[in-house]
Amino acid sequence: MRIFRDFETGENAPDDARLAEGSHLHANLAGVGAIVVLASARGGVGKSSITVNLAATLALTGRKVGILDADLNSPSIVAMLGMKPLRRMPAMEGIEPGAGPLGLRIAASNLLPEGEPAPMSFVDFDETPAARGNGGLVELGYSATLRRLLANTRFGMLDFLLIDLAPGLEQVYRIARLVPRASLVVISHPSELSSRAAKEALEFAANSSIAIIGIIENMAGFSCDGCHSVRPLMPQGALATLAREARVPMLERLPFDPRFAESSDRGTFFVREHAETPLAKQLIALAASLDHAGTTIRAERPEQV
Ligand SMILES: Nc1ncnc2c1ncn2[C@@H]1O[C@H](COP(=O)(O)OP(=O)(O)OP(=O)(O)O)[C@@H](O)[C@H]1O
Ligand SMILES: [Mg+2]
């Protein structure tokens, strides 16, 4: 299988080279006002489709927004935006973000350099004897690629950079290390199992540098066309209890609406296509909460780095 490190150089660069790239990363993001990470401990809870609709809503209200699809092995933002995977992103320096609809600036692993074969997989750690001899596991493709995307994509001046993570607690860990000034939104289903995983993500974030904006409950209930009520889809209560006990704001409890998945699949914006639905109205309210949080984050930034 092809793995990303086949196409990278300098993966085993000495620590000082990595540190230099780290400071390059912070300088590169200096023009970005608020960096918001959308995360979940479990997969398929709606991170990417919510990210896309929040980005669109913020852009429609005049905000400059970028999205980093940090799900390197299974990117979905490009398709959800109705963009074609482009092959024009140079791997190393001065990456021009993909031009998405509504002026969105997009970085993703499926926007690749002209002529580069697409990697099949991004690996995390090298467990070869050489690496073990080097004192243990050596970080390879995944974090290094994310770092390069963050350090080299010319996002320019943005009000928001939304980072759509792959599922998993380790993704929160990774992004917290790369972008300590990021703020976190955790997305979860209402179920006990999903809420338990969300709790771990929140606990991790509480022990790291990243600030927690709040929780989004997705697929909280079913809102059918013409229904005037929302029926539960899963056992209710666990996530609301978690939010209360952890003293983390419950930002929204979004209902299930089958047209949301249709819009994602077609690469169109649900919030525009079905603006009158309860789900769209709640997504628009969610974007307003995020915008408010972004204003606070920008105001509290000690310096423009
Ligand atoms: N509230 C909703 N109503 C209907 N469909 C939804 C809702 N939220 C998400 N979906 C659909 O569920 C599917 C999974 O959502 P999405 O890909 O956004 O999740 P994800 O958390 O990014 O998944 P992964 O962890 O695999 O990256 C998509 O088809 C999406 O459109
Ligand atoms: Mg996703």
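Ligand 1 sits in the largest pocket. The model is predicted.

**Around the ligand**

The shell around ligand 1 holds 18 residues. Gly44, Lys47, Ser48, Ser49 and Asn218 come nearest. By class, the shell has eight nonpolar, seven polar and three charged residues. Four elements each supply at least two residues of this shell: helix H2 (47-60), strand E9 (211-222), strand E11 (250-256) and helix H9 (258-266).

| Residue | Protein atom | Atom of ligand 1 | Distance |
|---|---|---|---|
| Gly46 | backbone N or O | oxygen | 3.0 Å |
| Ser48 | polar side-chain atom | oxygen | 2.8 Å |
| Asp257 | backbone N or O | nitrogen | 2.9 Å |

How much of ligand 1 does the protein cover? On its own, ligand 1 has 630 Å² of accessible area, and the protein covers 82% of that.

**Aromatic pairs**

Now turn to the rings. A pair of aromatic rings is described by two things: the distance of the centres and the angle of the planes. The count comes to three aromatic pairs. One of them joins Tyr173 and Phe204, with ring centres 5.6 Å apart. Their planes stand at 70 degrees, and planes over 60 degrees apart count as edge-to-face, so this pair is edge-to-face.

Where do the two residues lie? Tyr173 is in helix H6 (residues 169-178), and Phe204 is in helix H7 (residues 192-206). The pair therefore ties together parts that are 31 residues apart in sequence.

Key
Residues are numbered from 1 along each chain as its sequence is written. Chains are lettered from A and ligands numbered from 1 in the order in which they are written. This is a predicted model: local features need pLDDT of at least 70, side-chain atom pairs count only at pLDDT 80 or more; totals for chains, interfaces and linings use all residues. Side-chain values use heavy atoms; hydrogens and water are left out. A residue is near a molecule or strand if one of its heavy atoms lies within 4 Å of it. A polar contact is a pair of N or O atoms within 3.5 Å; within protein, one must be able to donate a hydrogen and the other to accept it, and residues adjacent in sequence count only if both atoms are side-chain atoms. Accessible areas come from the Shrake-Rupley method with a 1.4 Å probe; for residues, only the protein chains shown count as cover. On a 1 Å grid over the protein atoms alone, a cavity is a set of points where a 1.4 Å probe fits but cannot get out, and a pocket is an open set with protein on both sides within 12 Å along at least five of seven lines; lining residues have an atom within 4 Å of a point. A molecule sits in a cavity or pocket if more than half of its atoms lie within 2 Å of its grid points. Ala, Val, Leu, Ile, Met, Phe, Trp, Tyr, Cys and Pro count as nonpolar, Asp, Glu, Lys and Arg as charged, and the others, Gly among them, as polar. Rings of Phe, Tyr and Trp (its six-membered ring) pair if their centres lie within 6.5 Å; planes under 30 degrees apart count as stacked, over 60 as edge-to-face and the rest as tilted.
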